[in-house]
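Please open the structure in your viewer and keep the selection tool at hand.

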Amino acid sequence: MSASGGGKAIVAALAANAGIAVAKFVGFAVTGSSSMLAEGVHSVADTGNQGLLLLGRKRAKRAATPEHPFGFGRDRFFYSFVVALLLFSLGSVFAIYEGIHKLSSPEELTSPIVAVVILVVAIVLEGFSFRTAVHESRELKGDATWWGFIRQSVNPELPVVLLEDTGALIGLILALGGVGLSTLTGEPVWDAVGTICIGVLLGVIAVILIVETKSLLIGEGAGAPLVRTITGALVGGPVERVIHLRTQYLGPEELLVAAKIAVSSSLSTEVVAEAIDNAEARLRAAVPEARLVYLEPDLDRSDAGPVDEALDPSPR
């Protein structure tokens, strides 16, 4: 899937989370609600996360150096991985700890209406951020499901923002439920239960993000549909077939393609060189993100030969 886009979604999420964090901490100071405190820490973590995503995008634009000849595109994967770790440590672990603490030492809420108002306003602001992320993701998603987009997208920021905003909206509803039940029943234990639920939710989202960004960070190849497109673009003219193919994303918008292509033994060196140039041109036209292309001509020593497993990789 395309890797472009995501900047507006990150900025919208950063602005929304920064304002929401302040409001939630004010609400906690007034009410003493552990759900509000957990949500406040969650919003602070999210604000920092958006800053890290923007930093990763900026650092990824650095020019290649002799020490890093393939550039710094993977910085975007690295900072997205750091975001997932922070979401788990600052969001999930803290919320679960705070919820367990409140279960053992429950405290009555004061001015719960303040917490309710802040949470409702926060839901509206998070909804705006979520809407922006969905709008930016829809074009890249294509016909895939949202879960498929999160699993297969090589853009590391949009899945992070989408899952963060989804978790934030659900977390706000859980916090609202905890505060509401505590107010209606007079039992502060519900506020603590809501806090623990928020922590578990954030933990699940963080684990999903860690798994997905780790795959990109350690070096992920193109998916099966794109591999078929690459193979089809390379074959043509003197290029009889692709003997084997290796791909790897060096960044969200930069794909490395290395292939051994079969040509006839009767061709001259000039014809082979021209065939390689033409195959590379076809590939770049069909797959613009194929920035680095290395093609090796070889003789086709079999009529068909076994299909290289790399030509038909299974999706993650």
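The stops that follow concern salt bridges, a surface patch, paired strands and aromatic rings.

**Before starting**

This is a predicted model, in which local features need pLDDT of at least 70 and side-chain atom pairs count only at pLDDT 80 or more, while totals for chains, interfaces and linings use all residues. Residues are numbered from 1 along each chain as its sequence is written, and side-chain values use heavy atoms, with hydrogens and water left out.

**Stop 1: salt bridges**

Side chains of opposite charge can pair when their charged atoms come close. A salt bridge is counted when a side-chain nitrogen of Lys or Arg lies within 4 Å of a carboxyl oxygen of Asp or Glu. The whole structure holds nine salt bridges.

Select arginine 57 and glutamate 157, whose side chains form a salt bridge with 3.4 Å from N to O. The two belong to distant parts of the chain, 100 residues apart: arginine 57 is in helix 2 (residues 34-59) and glutamate 157 is in helix 6 (residues 157-185). Helices here are DSSP runs (H or I, at least four residues), as are strands (E, at least two), and they are numbered from the N terminus. Glutamate 157 is buried, at a relative accessible area of 1%; buried means under 20%, exposed over 50%, and partly exposed in between, with a 1.4 Å probe and protein chains only.

Next, select arginine 76 and glutamate 253, a salt bridge with the closest N and O atoms 3.9 Å apart. Arginine 76 is buried at 8% relative accessibility, whereas glutamate 253 is partly exposed at 34%. Now show Arg57, Arg76, Glu157 and Glu253 together: salt bridges that share partners join them into one network.

**Stop 2: a nonpolar surface patch**

Select Leu103, Leu181, Val189, Trp190 and Val193, which form a nonpolar patch on the surface with about 360 Å² of accessible area together. Patches use residues with over 30% relative accessible area and no salt bridge; nonpolar side chains (Val, Leu, Ile, Met, Phe, Trp, Tyr) are joined within 5 Å, and like charges within 9 Å. The areas come from the Shrake-Rupley method with a 1.4 Å probe, and for residues only the protein chains shown count as cover. Helix 7 (residues 189-217) gives the most to this patch, with three residues. Leucine 181 lies in helix 6 and is partly exposed at 38%.

**Stop 3: paired strands**

Select strand 2 and strand 3 (residues 290-299), which run parallel and are joined by nine bridges. Strands pair if DSSP finds at least two bridges between them. Alanine 262 has aspartate 298 in strand 3 as its bridge partner. From strand 2 the chain passes through helix 9 (residues 269-286) to strand 3 in a right-handed β-α-β crossover. Right-handed means that, with the strands pointing away from the viewer, the path from the first strand over the helix to the second runs clockwise.

**Stop 4: aromatic rings**

Rings of Phe, Tyr and Trp (its six-membered ring) pair if their centres lie within 6.5 Å; planes under 30 degrees apart are stacked, over 60 edge-to-face, and the rest tilted. By this rule there are two aromatic pairs. Select phenylalanine 78 and tyrosine 79, an edge-to-face pair at 5.2 Å centre to centre and 80° between the planes. Finally, select tryptophan 146 and phenylalanine 149, also edge-to-face, at 6.2 Å and 90°. Tryptophan 146 is partly exposed at 32%, while phenylalanine 149 is buried at 0%.
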